[in-house]
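This report describes the domain layout, ligand surroundings, helix packing and backbone details of one protein model. Please consult the sequence and the coordinates alongside the text.

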Amino acid sequence: MAYLSSLSKSQWVWLVGTTAVCVAIVAVGWSLQPADEATPALRFTTALSIKEIAPKLDVTGKSLARELGLPIDVPKGKPLKKLGVAQANLDEAAEHLLSHRSTRLRYYVFAALVLWGLVFLRRLGRPDGSPSSQRKTWYPRAPYILALLAAGVVFGFWLGKSPNPMEGVVKVFKSMVGLYPSVTDKAIALAFFIALAVVGNKLVCGWACPFGALQELLYSLPVLKGVKNRKIPFLLSNGVRTILFAAVLLVLFGVVGGRKGSVLYHSTNPFNLFDLDFDHAAITITICASLVLSLLTYRPFCQFICPFGFVSWLAERLSLARVKIDAARCNKCGACIRACPLDAAKDKVSGKLFAADCYSCARCLNVCPQDAISYGFSLGRKTHGTGSNDSG
Ligand code: SF4
Ligand code: SF4
């Protein structure tokens, strides 16, 4: 309440206006949502062929063949029972492919949450005119926690797993090996997620991704604080994430293993949680391990596994708004480095070009005794964190 009463009139306009726009974005998404998108009641029998079933599942024949455990060049016009497919196998494959059907409303939700995060970080977190001596009251956690609860608990479980940024990356490559009908559609979906990551540094991960939100909420619990202070070196986490990404592509394109179309990420897809789909032990283990480890370390799945985490880390160089450190004011006291759960603040202070991931979590924005940190647009005054190092 003290925070709200300290906002200026123009900040109130931003607060009310942004809230109204976010609600309007979700409402428009809701009204445009096709009625038949919810839960398609489709039932297929093995008397049908791949050619007949695949279009109804919105995948290619190759994708359905791969899902059924058949070679991707199997005859697509033959009834499945003649190919030796059991009904239970078909049911399981159809259920899995249907679970990847996107709800379009979720795109609007992502956009609304990112907008809310951007305005909070850029315009609302620090009351206008508030001196540095009051910095401890800046960037209260409640608006962030509310956004995370909306992303992870409300929209996550309500709307299900698709679409999400992780599958945004994976589906582009799957469509390139013929597992989805249109590469363009999947590329547009990925471009949408990258745009949300670029508008404000990794905002889509930090503020809107449902699985990112669950990890962030667990990490925010005031438990095991001593352990949390130990950070995983970025070189290690990003090294694992990069190698995994390369390995997935090599296997998917058949360069390794010789079985084109196999997707290693399937067994580590934690977004299945939002469909309550725990059919595969590896997925259940990934979900449980990621959530339990989130009590000890920051976003373990994002740091070590997520392909969108890797892609958006590369895209961070292009971010329009981001955490900026004023090199002229910074005396390298290390307050922001201690507040940051990753190596991001350390790398920004030292002006590293390829700094560790920054999730726009705001932890560093109210700790600087020199008032050297802000969340601003890249083309502002000369700072670190803009992609150019002017620290000399
Ligand atoms: S890096 Fe984390 S927050 Fe970002 S898409 Fe992946 S799981 Fe979600
Ligand atoms: S604390 Fe670290 S991750 Fe969070 S906004 Fe600051 S630099 Fe980014």
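Predicted model: local features only at pLDDT ≥ 70, side-chain atom pairs only at ≥ 80, totals over all residues.

## Domain layout

The domain assignment divides the protein into three parts: domain 1 (2-32 + 103-314), domain 2 (41-99) and domain 3 (323-377).

Between domain 1 and domain 3, the C-alpha centres are separated by 21 Å. Their contact draws 24 residues from domain 1 and 16 residues from domain 3. On the domain 1 side, the elements that contribute two or more residues are α6, α10 (203-208) and α16. Of these, α10 gives the most, with four residues. Sorted by class, this side of domain 1 holds twelve nonpolar, seven polar and five charged residues.

The shell around ligand 1 consists of Pro-165, Met-166, Cys-205, Cys-209, Phe-211, Gly-212, Arg-299, Phe-301, Cys-302, Cys-306, Phe-308 and Gly-309. Four helices each supply at least two residues of this shell: α8 (165-176), α11 (210-220), α15 (300-304) and α16 (307-315).

By class, the shell of ligand 1 has nine nonpolar, two polar and one charged residues. Its list includes the cysteines Cys-205, Cys-209, Cys-302 and Cys-306, as well as Arg-299.

## Packing of α6 and α7

Helix α6 (residues 105-124) and helix α7 (residues 142-159) have axes that come within 11 Å and cross at roughly 175°. Because of this angle, α6 is roughly antiparallel to α7. From α6, the contact takes Leu-105, Arg-106, Val-109, Leu-113, Trp-116, Gly-117 and Phe-120. From α7, it takes Pro-143, Ala-147, Ala-150, Ala-151, Phe-155 and Leu-159. In class terms, eleven of the contacting residues are nonpolar, one is polar and one is charged.

## Packing of α9 and α16

Helix α9 (residues 183-199) packs against α16 at an angle of about 50°, and the two axes are 9 Å apart. This angle makes α9 oblique to α16. The crossing of α9 past α16 is right-handed.

On the α9 side, Phe-193, Ile-194, Ala-197 and Val-198 take part; on the α16 side, they meet Phe-308, Val-311, Ser-312 and Ala-315. The contact comprises seven nonpolar residues, one polar residue and no charged residues. Phe-308 of α16 takes part in this packing and is also listed in the shell around ligand 1.

## Backbone details in the loops

Pro-163 belongs to the loop between α7 and α8. The peptide bond that leads from Ser-162 to Pro-163 is cis, and its omega is near -5°.

Conventions:
Residues numbered from 1 in each chain as written. Chains lettered and ligands numbered in written order. Near = placed C-beta within 6 Å. Nonpolar A, V, L, I, M, F, W, Y, C, P; charged D, E, K, R; others polar. Axes fitted to C-alpha atoms, helices over the stretch in contact; angles between N-to-C directions. Parallel < 35°, antiparallel > 145°, perpendicular 65-115°, else oblique. Contact = placed C-beta atoms within 7 Å. Domains from an automatic or database assignment. Left-handed = near helix turned anticlockwise from the far one by under 90°.
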